[in-house]
Amino acid sequence: MAPDAPEHQPRSRPGADGAIDQRPRVVVLAERWPVGGASWVERDAESVVTRGVAAALTGSADVHVITPQGDSRTTFVDGAFSVHSLGNVLHPEVALRRSFLMEALLSSADSAQLSGAVSTRIKQWLGDCDGLWDGGSAVMSSIEPDLVMIAGHLHCGLAAIIGSDAPFVALPLCAEPNGLDLSILEPDLAAATAIMTTSEAERRDVASRVGPTGPALSNTGLLVAVNPTARQEPHSELPEPGYVLVLCPSRADDLTRPAELARLVALRFPGRVVAVVHDDALVVWRRCEAQRLGPVTRHMDLWRLMAWARCTVDLRPDRLVALRTVESMLLSTPAVVPTGGRAQRHVALSDGGLWYADAAQLLGCIESLEEDDDIGPRLGEQGRRYASEAYGSPRRFVELVTEAAGLPGRHLAVVSRP
Amino acid sequence: MGEAALRASELVEQVKERANRLVWTPPVHEPLERTLERRRLHDHPGLSFAHRHWALPDHSSESGGGPKAWVRRVVGRFVFYALRHYLQAERDLMGHLVRLNDDLAKRCDELTEAHGELLDELDSRFSGAATSQERLATMLDRGVPRPPGDRGA
């Protein structure tokens, strides 16, 4: 168990037929809850992490999710979860205002130490989302949770659902270096009984914010699943192995910097097939000529593209976990990533790929892998070892999460009253 | 004994050194080699000759007086009469062969022309790609956005 992490003892409560339910009840408060979706593009890292951590708790507890999203107030079963949708949709204008505000604050180094007064003012600006959690306290009362987990740290109006002195476990989903964004909104991490992070880099960033005397802080890692059969059969449109795969988070016709970098790679290596995964198309470059194919929506197709590539260039990894980078490493394909983010920390920690600071270095990284056929497989294998250990073991992940949450390791599902 | 670990940081240092020396000049593109004969096959002298001489004689053209000439005429008529079916078939065959050659020459000329155009297009595309690459690279390296309305190459 993580040092100082409290163990949550489940309260016995009568079940529907007089039985005593001894499984603890966990409530996860999440602003967004992913309920499926065919495309991997739609699954952002925050949602994947929230669902993954909640799933790890289902072995030891009944997990209830309370989320403001949804069109109406309803409860439904989503796999192992009971999801209580409050139907309080965040108005798009408020969401946009919040995004602008966050970007503005984060773009200034001085915002790292926001005073309480400034935070209050910011909360006033965001006052429209006070009603976001309306109805949640009634749901909370009906569940009587043994443990509350708050996913994310950019909440507002949480006071409507959880008391200011109520214990909770935080899953802060901190994406900024040095925890720059952690002091702006809710919850106050210093008040948490335990904090969970999903990478060592995130743990360090959060630790730099909460300090050594803060709550128990644990890195649980994450379970990032890839289908190993992706190595058995190539993508139908790219039967030849050894191409350069570029993950470009923009539309094929856009003139964004990532799209321009992808074009530069394709033009620089006319003798090599370059496959660029855009949001709306897979563009395959052969001899400076682009062939536009349908978008890559199935996760299996993306994994196949990764598994058969010489390297995966992740032009803009997600800031929280760098999921695509980890997936590429799990498939033994070296990753080439921009410097200064979580993706680079994965790659540097594992020696599972290379990183670049500008266009020239990006081309240099690919050239290095081109020139020596030995380098790519060796980096790929080193990356696979790291990713398998940190992100490929379900048992380890579940143990770490339950331990960090302070849940007892073993429970009887339902015990009859004697 | 396991293989020594490959240090990514060392490789990145090498990449940085090389990148610092990199000069964004367009890659030099030599025009693609034109190995095919560019002369039109339709103008080949052999084809003109075939056009002029494909129709072989189908009757005796012996003229003159005297018993020898009379004998040659009679024999000639006899021979041409006896071989008339064969000669007609051969005439048809020759006609078809000449027409076929004519079409082949025309098709050859068209393919040669298309190949030449393709080579020209490839030359132009590679040159354009080289220029684009330099422009893109310089722009990305300096962090300068495209000017408004510039959709790139």
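**A tour by question and answer**

Reply: Chain A has 12 helices and 18 strands in its secondary structure, where helices (H or I, at least four residues) and strands (E, at least two) are DSSP runs numbered from the N terminus. This is a predicted model, in which local features need pLDDT of at least 70, side-chain atom pairs count only at pLDDT 80 or more, and totals for chains, interfaces and linings use all residues. Residues are numbered from 1 along each chain as its sequence is written, while chains are lettered from A and ligands numbered from 1 in the order in which they are written.

Me: How many helices does chain B have?
Reply: Chain B has zero strands. From the N terminus on, its elements run α-α-α-α. The count of helices is four.

Me: What percentage of the residues in chain B is buried?
Reply: A residue is buried if 20 or more other C-beta atoms, placed from the backbone, lie within 10 Å of its own, exposed if 12 or fewer, and partly exposed in between. For chain A, with 418 residues, the buried part is 48%. For chain B, with 153 residues, it is 7%.

Me: Is A:L57 buried or exposed?
Reply: A:L57 lies in helix α1 (residues 45–57) of chain A. It touches A:V26, A:V63, A:V401, A:T402, A:A405 and A:L407, leaving out residues up to four places away in sequence; a contact here means C-beta atoms, placed from the backbone, within 7 Å. Because A:L57 has 23 C-beta neighbours inside 10 Å, it counts as buried.

Me: Which residues does A:V246 contact, leaving aside its neighbours within four places in sequence?
Reply: A:V246 is one of the residues with the most contacts inside the largest core. Its partners are A:A262, A:V265, A:V274, A:A275, A:V276, A:V277, A:V313 and A:L315.

Me: What is the angle between α8(A) and α11(A)?
Reply: Eight of the eight residues of α8(A) are buried, so this helix is largely enclosed by the rest of the structure. Axes are lines fitted to C-alpha atoms, for helices over the stretch in contact, and angles run from 0 to 180 degrees between N-to-C directions. With their axes 7 Å apart, α8 (residues 323–330) and α11 (residues 375–391) of chain A pack at about 115°.

Me: Which helix gives the largest share of the side of chain A that touches chain B?
Reply: The contact takes 27 residues from chain A and 23 residues from chain B. On the chain A side, α6 (257–268), α9 (342–350), β17 (353–356), α10 (359–371) and α11 each supply at least two residues. The largest share, seven residues, comes from α6(A).

Technical notes
A nonpolar core is a set of buried Ala, Val, Leu, Ile, Met, Phe, Trp, Tyr and Cys residues joined through C-beta atoms within 7 Å. Two residues are in contact if their C-beta atoms, placed from the backbone, lie within 7 Å.
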